Amino acid sequence: NLSTARSEKRAKEVGIRKVVGAQKKYLVGQFLGESIILALIAGAFALCLVQLSLPGFNLLTGKNLFVNYTSTYFWLTAFGFILLTGILAGSYPAFYLSSFQPVRVLKGTFKKVNALVTPRKTLVVIQFSVAITLIICTAIVEQQIKYARERNSGYVKDNLIYHMLSGDLDKNYALVKNELLNSGAASAVTKTNSPITQDWSQSWGFEWQGKDPNSKIVFDRFCVDEDFTKTAGVTITGGRDFDLKNHPSDSTAVLLNESAVKIMGFKQPIGQVLKDGGSVNWHVVGVMKDFILTSPYETTRPMIVEGSKGYFNVMHIRLNNNNSTEKNLALAAGIFKKYNPLYPFEYKFVDAEYALKFADEKRTGTLAALFAGLTIIISCLGLFGLATYMAESRIKEIGIRKVLGASIATITTLLSKDFIKLVIVAIVISAPLAYSFMTSWLSSYTYKTPLHWWVFAGAGLLSIAIALLTVSYQAIKAALANPVKSLSRE
């Protein structure tokens, strides 16, 4: 684009070369050679940029990519790609410039044909269509992350940690729990079969009164000890929590979440009996509010929470809000070392683990934003080349308009409006494409953000602003040019 934009200044050079005997193939070779040299220089810079960018890119994507400089295949591929790039970038300018008619050029009657503009405009429209599509996709990915992040998890994540029941922790659990509470390090402690951020067990073998015999509903199966609701901050909406001290029969008690009650069709769930494959008859003592055990992008699944007869792998600890986190962890570390000396105190914060659920989408959004930025830069380069060409080709028209009294603002608007038309065409193309892509991407999520019209409108306005900023330099420069100089060329 930039080389064809400067073609008028090289028209006389081509005409003179042809007059003195230069053949078209030599001119084509010259212009292709110039393009390939530029590509080789760009390739060298690209290798440097890749080397500088790889550590950050690997950190972002979780990969370990590297450049194998000792590989012959790598260098052959790299030089082949650079050569191909140079040929592709230089082929149109080379064949166009070498086709100038020397008589018309040297007589000053050389005129550009509309065919020169059409492919340039097409390329700019394609570039901006890709850029706008990526802008819209980036915005919607960020919206989806925000939409799920603001969803109520159903429990209190702050100041909540968990630790695997490694070594002697299981048999010393009661002692560890009591000492954590008595020392002031924790306000509540419980144990579960899995971390509250993960789903380690499911089952479809439960039976209850009124169940369809052909139904095989899958339930999340979560095992907890006493004080689970207090430790996790889960809300009991009906009945009560487990209490073996006052209710010995709670050894076979279960809690249901609201989704399970709805699926089972219980109007009065408290006291209902669930049969677990004939092995245990569970009785329902309470109903808890739904909480997110798996993905925040999915609807909450039905859950059956078992009591003391369950199996346990994890200890959850609600740190004391009256102490600093550092003090609580130091006290807990001493207690764990006392009762489990052969294993390190390896805890995890629940809020940090919950945040990991957004990692893939966050990575997608960041990559989309990076590629959108690169595409916008490349698109602006193409637009700048087109603006340079338009200003160069209309320099005399601008001079005449200024002589006849046209203002700088009028001329700038005149030159800019053509580019805005191109961007509007790109918006019309990219909006349905982005809508289709994002509808398909969001279809994999049950809990998803709606597609707001203002995202598409905002991306369009942003692209128009970027286009205006890009072409304004050339437009204002042309408008400020002295008309005497441009008209004296005649």
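Leaving aside neighbours within four places in sequence, with which residues is I236 in contact? The close-up views below take up this and other sites in a predicted model, in which local features need pLDDT of at least 70 and side-chain atom pairs count only at pLDDT 80 or more, whereas totals for chains, interfaces and linings use all residues. Residues are numbered from 1 along each chain as its sequence is written, and side-chain values use heavy atoms, with hydrogens and water left out.

View 1. Beyond the neighbours within four places in sequence, I236 is in contact with T229, L255, V287 and M288, contact meaning heavy atoms within 4.5 Å. I236 is partly exposed, with a relative accessible area of 28% (buried is under 20%, exposed over 50%, and partly exposed in between, with a 1.4 Å probe and protein chains only). From C-alpha to C-alpha, I236 and M264 are 18 Å apart in space and 28 residues apart in sequence. Strands here are DSSP runs of E with at least two residues, and helices are runs of H or I with at least four, numbered from the N terminus.

**View 2. Contact of helix α3 (residues 24-61) with helix α12 (residues 359-393).** The axes of α3 and α12 come within 10 Å and cross at roughly 145°; F57, L60 and T61 of α3 and R363, T366, L367 and L370 of α12 make the contact. These residues divide into four nonpolar, two polar and one charged (nonpolar: Ala, Val, Leu, Ile, Met, Phe, Trp, Tyr, Cys and Pro; charged: Asp, Glu, Lys and Arg; polar: the others, Gly among them). Axes are lines fitted to C-alpha atoms, for helices over the stretch in contact, with angles from 0 to 180 degrees between N-to-C directions.

**View 3. T133 in helix α6.** T133 is buried, with a relative accessible area of 8%. Not counting residues up to four places away in sequence, T133 touches S430, L433, A434 and F437.

**View 4. Positive phi at N159 and at D227.** Most residues other than glycine have a negative phi. N159, which is not a glycine, has a positive phi of about 60° and lies in the loop between α6 (114-149) and β1 (160-164). For D227, also a residue other than glycine, phi is near 70°, and its place is the loop between β5 (219-223) and α8 (228-232). D227 is partly exposed, with a relative accessible area of 29%.
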